[in-house]
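The sequence and structure come first.

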Amino acid sequence: MMAVHKQVIKANENQVQGLGLPIYSPVSGKVFPLEHHPVALFSRGILGCGVMLLMTGHKLYAPFDGTVEQIRAGGTEFILKSRQGIQLLISLDINERYLPLNGLRYYINQKQSFTAKSLLFYADFRQVKEPIHVAVTIINHQKLGGIYYSHQQVLAPNDILFHITAKQRR
């Protein structure tokens with residue numbers, strides 16, 4: 001398999017300690033390289049680079065301080081913008097037959113500000129009988145340096161999903 005997401009680097013916890021801007025995990029779950037995502041738009045890097053999670057919870061949390069740019073696809077896609085200008089897409093891959101989601105509740109609206117670790121969204125996913133693949137991608141990754149992740153399993157909102165570094169100037 002060709003490495004599409006060269007900017008995303010698996011490192012150990014000591015290597016990422018204090019490195020760049022921490023992005024907290026928006027969902028709980030098992031972490032995989034984005035190449036494992038079943039949707040080609042993500043696995044091929046067309047919608048940015050980042051990681052994939054197999055979601056294990058029912059909540060979505062704010063990964064940083066910022067604003068909600070958009071909520072799309074029946075509440076399964078969120079575009080968030082950090083105070084530093086990082087545009088993050090969080091996309092829950094859920095089969096249409098499970099939409100609308102049971103118990104869906106938003107704790108934030110479009111264009112509204114939030115702080116890191118705030119609860120943004122809740123849904124009861126017990127009726128979803130397939131794994132929920134969550135792509136967490138940085139849309140404007142070309143302006144950034146490396147994206148380093150170290151965990152294989154994360155618990156939202158406290159675990160750091162990845163660290164983002166600034167692009168090296170030449």
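**Terms and basis**

A residue is called buried under 20% relative accessible area, exposed over 50%, and partly exposed in between, using a 1.4 Å probe and protein chains only. By this rule Ile 46, at 55% relative accessibility, counts as exposed.

The model is predicted: local features need pLDDT of at least 70, side-chain atom pairs count only at pLDDT 80 or more, and totals for chains, interfaces and linings use all residues. Residues are numbered from 1 along each chain as its sequence is written, and side-chain values use heavy atoms, with hydrogens and water left out.

**A nonpolar surface patch**

Ile 46 sits in the loop between α2 (40–43) and β4 (49–55). Helices (H or I, at least four residues) and strands (E, at least two) are DSSP runs, numbered from the N terminus. Together with Leu 41 and Leu 47, Ile 46 forms a nonpolar patch on the surface, and the three have about 260 Å² of accessible area together. Such areas come from the Shrake-Rupley method with a 1.4 Å probe, and for residues only the protein chains shown count as cover. Patches are made of residues with over 30% relative accessible area and no salt bridge; nonpolar side chains (Val, Leu, Ile, Met, Phe, Trp, Tyr) are joined within 5 Å, and like charges within 9 Å.

**Strand β4 and its partners**

Strand β4 is largely enclosed by the rest of the structure, because six of its seven residues are buried. Two strands pair if DSSP finds at least two bridges between them. One partner of β4 is β3 (residues 29–33), which runs antiparallel to β4 and is joined to it by five bridges. In this pairing Gly 29 stands opposite Met 55 of β4.

β4 also pairs with β12, again in the antiparallel sense, over six bridges. Here Leu 54 is opposite His 133 in β12.

**The three-stranded sheet**

An open sheet of three strands runs in the order β5-β11-β9, with antiparallel pairing. β5 (59–61) and β9 (102–106) are at the edges with a single partner strand each, so one side of each has no neighbour in the sheet. From one strand to the next the twist averages 10 degrees; axes are lines fitted to C-alpha atoms, for helices over the stretch in contact, and angles run from 0 to 180 degrees between N-to-C directions.

The antiparallel pairing of β5 with β11 (residues 119–124) spans three bridges. Leu 60 stands opposite Phe 121 in β11.

**Salt bridges**

A search of the whole structure finds four salt bridges, each defined as a side-chain nitrogen of Lys or Arg within 4 Å of a carboxyl oxygen of Asp or Glu. One of them joins Asp 65 to Arg 83, with the closest N and O atoms 3.5 Å apart. The pair links distant parts of the chain, 18 residues apart: Asp 65 is in the loop between β5 and β6 (66–72), and Arg 83 in the loop between β7 (77–82) and β8 (87–93). Asp 65 is partly exposed at 26% relative accessible area, and Arg 83 is exposed at 65%.

Glu 130 and Arg 97 form another, with the closest N and O atoms 2.1 Å apart. Because Glu 130 lies in the loop between β11 and β12 (133–138) and Arg 97 in the loop between β8 and β9, the pair ties together parts 33 residues apart in sequence. Glu 130 is partly exposed at 30%, while Arg 97 is exposed at 54%. Asp 124 and Arg 126 also form a salt bridge, at 2.7 Å between the closest N and O atoms; Asp 124 is buried at 14% and Arg 126 exposed at 62%.
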